[in-house]
Amino acid sequence: MMASVWIILSVILIRALADISFKFAVHHLEINSFQDFMPEAWKALKHPMIWLGVVAGISNFLVWVLALNYLDLSFAYPLTAVSYVLTIVAGRVFFHEHIDDKKFWGMVLILFGVALMMFS
Amino acid sequence: MFIRRLIAFVFLPILLASSAEFLLKATINSGTQVASFADLFRVFLNPRVDVSIALIVISGVLWLVGMSKFELSFMYPFLTINFVIIIFGSHFFLGEPLQIYKYFSIGFIAMGLWLISKSKYSVVKYDEEKGQLK
């Protein structure tokens with residue numbers, strides 16, 4: 001049981017890490033037209049965070065395989081919704097994104113649904 | 001054609017992603033046990049695992065194209081379909097138990113995602129004047 005908690009926790013953390021890293025790599029880009037696309041995409045490829053994102057993306061798949069090795073899909077899959085919550089919090093911390101009432105209560109509902117799955 | 005775009009860039013990626021999960025789990029269940037670190041990399045040699053990776057990648061690309069065609073707040077509630085397909089599919093294809101708390105759990109998660117998508121900060125609009133995303 002303890003092992004499965006650690007595995008699912010890493011799935012959630014690594015999934016959020018991948019998304020946040022990609023955001024770091026692309027959020028300074030200014031793609032306003034098709035001509036901008038190639039030079040701006042090149043800038044993103046040179047950004048170290050995109051490679052952290054790639055590594056996290058691949059690790060995410062490996063840890064997910066490990067999770068499915070021990071857990072039911074119908075149990076493990078809903079738990080990954082916590083990564084949405086982490087991503088929203090990271091958006092607030094790193095990119096000054098806004099969290100209004102709807103986002104806050106949406107996060108609470110997700111965490112409640114996940115807790116229900118974990119402790120039933 | 002709104003309906004065609006909806007099928008191609010919203011429903012199709014959802015279907016592909018959940019099919020990939022079922023294929024992956026079925027493959028792991030049918031004896032591809034992961035007991036060591038080396039086993040974890042050996043699963044890539046299994047063609048069924050490779051097919052499921054391909055499905056996940058294609059699904060991700062289609063979903064990204066969808067992001068450019070529809071508003072984020074429109075796309076996000078469709079994510080909840082994933083959870084529904086996964087718990088019912090796990091029961092019918094993989095024989096996993098479908099307890100009542102699973103319905104409630106994905107119900108709360110779905111409501112949460114729906115509420116988040118209704119936030120005004122979840123809407124990305126194209127700014128005609130500045131010629132960029134707002």
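Q: Is His96(A) buried or exposed?

A: His96(A) is exposed, because 7 other C-beta atoms lie within 10 Å. The cut-offs, with C-beta atoms placed from the backbone: buried is 20 or more other C-beta atoms within 10 Å of a residue's own, exposed is 12 or fewer, and partly exposed is in between. Keep in mind that this is a predicted model, where local features need pLDDT of at least 70, side-chain atom pairs count only at pLDDT 80 or more, and totals for chains, interfaces and linings use all residues. Residues are numbered from 1 along each chain as its sequence is written, and chains are lettered from A in the order in which they are written.

Q: Where is His96(A) found?

A: In the loop between helix 5 and helix 6 of chain A. Helices here are DSSP runs of H or I, at least four residues, and strands are runs of E, at least two, numbered from the N terminus.

Q: OK, zooming out. What does the secondary structure of chain A come to?

A: Six helices and zero strands. The C-alpha trace of chain A spans about 55 × 35 × 20 Å along its principal axes, and buried residues make up 36% of its 120 residues.

Q: Which residues of helix 6 of chain A are buried?

A: Lys103(A), Gly106(A), Met107(A), Leu109(A), Ile110(A), Gly113(A), Val114(A) and Met117(A). They cover an arc of only 160 degrees around the axis, going by the directions from the helix axis to the C-beta atoms, so they sit on the same side of helix 6 of chain A.

Q: And which exposed residues are on the face turned away from that buried side?

A: Asp101(A) and Phe119(A).

Q: What covers the buried residues of helix 6 of chain A?

A: The cover includes helix 4 (73-79) and helix 5 (82-95) of chain A, together with helix 6 (100-118) of chain B.

Q: Speaking of chain B, how many of its residues are in contact with chain A?

A: 34 residues of chain B, in contact with 29 residues of chain A. Contact means that the C-beta atoms, placed from the backbone, lie within 7 Å.

Q: Which element of chain B gives the largest share of that side?

A: Helix 6 of chain B, with 14 residues.

Technical notes:
Two residues are in contact if their C-beta atoms, placed from the backbone, lie within 7 Å.
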